[in-house]
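Welcome! Take a moment to look over the sequence and the model, and then we will walk through some of the features together.

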Amino acid sequence: MSTRLPAPRCWRQQLSLPLRPSSLRQFSTTSSLPVKSGWSTLPPRARPTRFNQPTSGLPLPTTGPAAALKRKAQSTPIRTGVLAIKKGMTAFMGRTGARIPCTVLQLDRVQTLLNKTRKDHGYWAVQVGLGARNPANVGAPMLGYYEAKGVAPKEILAEFRVRDENGLLPVGVELKPDWFYIGQRVDVRSNSRGQGFAGGMKRHGFSGQEASHGNSKNHRTIGSVGPSQGSGSRVLPGKKMPGRMGNERVTVQNLPILMIDNDLGIVVVKGAVAGPKGAIVKIQDAVKKPPPPKEFVEKTLAALKERFPKAEEHLQAAREKHLELKAARREKKLEELLGKKLWEPTEKQRKIVEDILAMEKGEAAGKEKRV
Amino acid sequence: MNVAPLARRPLGCLKTSLRQARQQKMYSQQMATAVKSKSKSPPSVLPPLNYHKVVDRRTRKLRTAFAVYPPTIAAAAKTAPPIPNPMPTIDEFQIKRMDPTGARTALFAKTRDAARVGDVLMVSHRRGGEPFAGVCLSIRRRGIDTAILLRNHLGKVGVEMWFKIYNKNVAGIEIVKRRKKRARRARLTYMRKPKHDMGSVEDLVFAWKKARRVYATGKGGAAKAGAKGAKGAKGAKGKVAAKKK
């Protein structure tokens with residue numbers, strides 16, 4: 001991670017100092033504050049503004065970041081979700097003849113990239129990436145980010161909020177479909193199909209106007225948009241009108257999981273999910289159902305540890321490498337650093353070269369024999 | 001880089017390859033020393049890195065470069081991308097589960113002996129009841145969701161019904177009468193028009209049942225020939241399969 005520079009000072013602050021020296025304020029006859037607010041000769045910073053300290057014995061504040069997090073804890077899942085791609089729909093035929101339509105979602109190299117913490121970011125969350133992207137199509141800032149994480153460039157990144165620090169995961173590990181279990185309820189979020197600019201009938205289900213009775217060229221228009229003079233002669237905010245329809249985030253709640261397969265990388269959920277095939281989908285534990293059992297959560301975490309025992313060392317090594325490369329980039333010493341490594345033959349290429357050399361030797365020996 | 005094409009045709013361009021190899025000789029020696037020195041250093045958790053290099057267009061000089069980790073490595077462990085399209089695998093798995101004998105698949109496969117559009121088919125329900133017969137207007141092939149559309153007349157009213165062929169409620173599907181000539185359309189929607197409508201297929205079904213009773217050898221087989229329940233249907237399907245052979 002790059003170290004943060006100190007925030008630049010606001011130019012306005014610097015300017016205001018000579019314009020309004022504190023000595024002048026005592027003699028000014030006009031106050032910028034109204035009388036009822038009172039006045040003080042103390043500088044503004046020294047005035048006690050936060051009376052409700054934890055030590056003062058007053059109830060905890062019901063507003064502010066801490067209160068907001070506490071309020072939302074109930075509706076925040078305890079663990080992170082995953083990204084997936086919608087692959088299409090199929091059906092499960094039950095033994096009793098019931099047909100259950102379902103959607104196939106595929107997890108493609110879903111990796112964790114970042115843990116967001118209350119201390120550094122203001123909330124708890126896990127950043128997750130999906131798929132792979134050609135590095136030529138990734139900007140320099142993001143290439144540096146992936147370099148520091150020790151992760152290949154991802155197709156897409158997304159963030160899943162979690163309740164507290166227990167939901168955070170080691171960086172770089174891959175989440176597989178067995179992150180969920182069969183029968184679990186999940187919330188699935190995705191963008192719906194874009195419908196383009198749609199009229200009131202399609203977009204909001206307006207009934208349109210009559211076909212005849214003197215109607216002229218206004219069969220599908222929305223009609224009046226509000227009352228006249230007595231009600232202000234205006235259109236109320238939020239009036240339903242024609243406009244862009246679809247391509248908005250749709251959450252389908254409490255979908256049961258019917259099937260998981262680590263080899264195929266699929267999670268099959270019951271019912272439909274918004275968006276076309278190939279849409280990117282977020283799957284997370286259902287908000288309105290009890291969280292997965294503790295034993296299961298522990299099992300998944302143990303599986304992660306077993307699959308990726310060197311995650312922390314890898315991250316640390318990647319960070320060190322990143323700092324080294326970063327310094328080289330800054331000091332324009334990259335060519336020296338990479339000089340030897342600009343092109344390294346892979347194992348396969350090396351083998352081919354060796355084969356050819358061996359062949360050449362054999363041929364030479366054969367020629368000698370012939371001679 | 002220029003070594004890669006050799007991999008495809010190692011013997012095809014021997015002369016040029018040897019020439020290149022001679023040039024590479026020095027290089028390979030250098031590589032060998034590099035590898036040796038690498039083995040001496042403590043083992044790193046980092047995989048061999050590629051570098052994405054950004055070159056200045058005008059000066060052709062290296063502007064910047066970033067280490068790019070291989071996409072098949074996650075947290076120092078190997079991973080593999082899943083197969084691009086899992087849908088056929090899922091379909092196959094589902095069909096195998098719902099149709100272990102393969103009779104249903106075979107009946108609507110694209111073969112000579114399979115049922116085709118225009119044939120008169122009879123579908124019997126798992127829980128008994130009157131089997132539904134009708135002319136097949138279309139076969140919608142969608143893996144596990146494969147379905148057929150049958151049309152008949154019940155009391156002078158046209159009735160069409162869709163049947164999912166892999167559904168457990170469909171106990172048996174029998175070919176009552178084959179169309180004389182192959183239909184030249186995939187979906188015979190024109191058969192809904194009065195000019196082409198077949199009307200009721202009741203008499204065809206009656207004749208077929210009668211013929212079966214005549215040809216049936218055993219007493220039990222004749223009694224169950226009405227395709228009541230799964231047993232009768234299975235027997236009927238066996239006949240379909242036998243015809244093919």
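## Before we start

This is a predicted model, in which local features need pLDDT of at least 70 and side-chain atom pairs count only at pLDDT 80 or more, while totals for chains, interfaces and linings use all residues. Residues are numbered from 1 along each chain as its sequence is written, and chains are lettered from A and ligands numbered from 1 in the order in which they are written.

Helices (H or I, at least four residues) and strands (E, at least two) are DSSP runs, numbered from the N terminus.

Two strands count as paired if DSSP finds at least two bridges between them.

Strand β10 (residues 249–261) of chain A pairs with strand β7 (residues 185–191) of chain A in the antiparallel sense over six bridges. Here R189(A) has T251(A) of β10(A) as its bridge partner. β10(A) is also joined by four bridges to strand β11 (residues 266–270) of chain A, again antiparallel. In this pairing, I257(A) stands opposite V269(A). The hairpin of β10(A) and β11(A) has four residues between the strands, and G265(A) takes a positive phi near 70° there.

## Two helices crossing in chain A

Two packed helices are described by the angle between their axes and the distance between the axes. The axes of helix α5 (residues 140–149) and helix α8 (residues 311–330) of chain A come within 6 Å and cross at roughly 140°. α5(A) and α8(A) are therefore oblique to each other. (Angles under 35 degrees count as roughly parallel, over 145 as roughly antiparallel, 65 to 115 as roughly perpendicular and the rest as oblique; axes are lines fitted to C-alpha atoms, for helices over the stretch in contact, and angles run from 0 to 180 degrees between N-to-C directions.)

On the α5(A) side, the contact is made by E147(A), A148(A) and K149(A), and on the α8(A) side by A318(A), R319(A), H322(A) and L325(A). Residues are in contact if their C-beta atoms, placed from the backbone, lie within 7 Å.

## Where the chains meet

How many residues does each chain bring to the contact? Chain A gives 55 residues and chain B gives 49. In chain B, α1 (4–8), α2 (14–40), β1 (50–55), β2 (62–68) and α3 (87–98) each supply at least two residues of the side that touches chain A. That side of chain B divides into 32 nonpolar, twelve polar and five charged residues. (Ala, Val, Leu, Ile, Met, Phe, Trp, Tyr, Cys and Pro count as nonpolar, Asp, Glu, Lys and Arg as charged, and the others, Gly among them, as polar.)

## Confidence in the model

The model scores ipTM 0.72 and pTM 0.74. Chain B, with seven helices and nine strands, averages a pLDDT of 80, and 71% of its residues score at least 70. (pLDDT is the predictor's confidence in each residue, from 0 to 100.)

Among the elements of chain B, strand β6 (residues 132–140) has the highest mean pLDDT (97) and helix α7 (residues 229–244) the lowest (40).

Technical notes
Contact = placed C-beta atoms within 7 Å.
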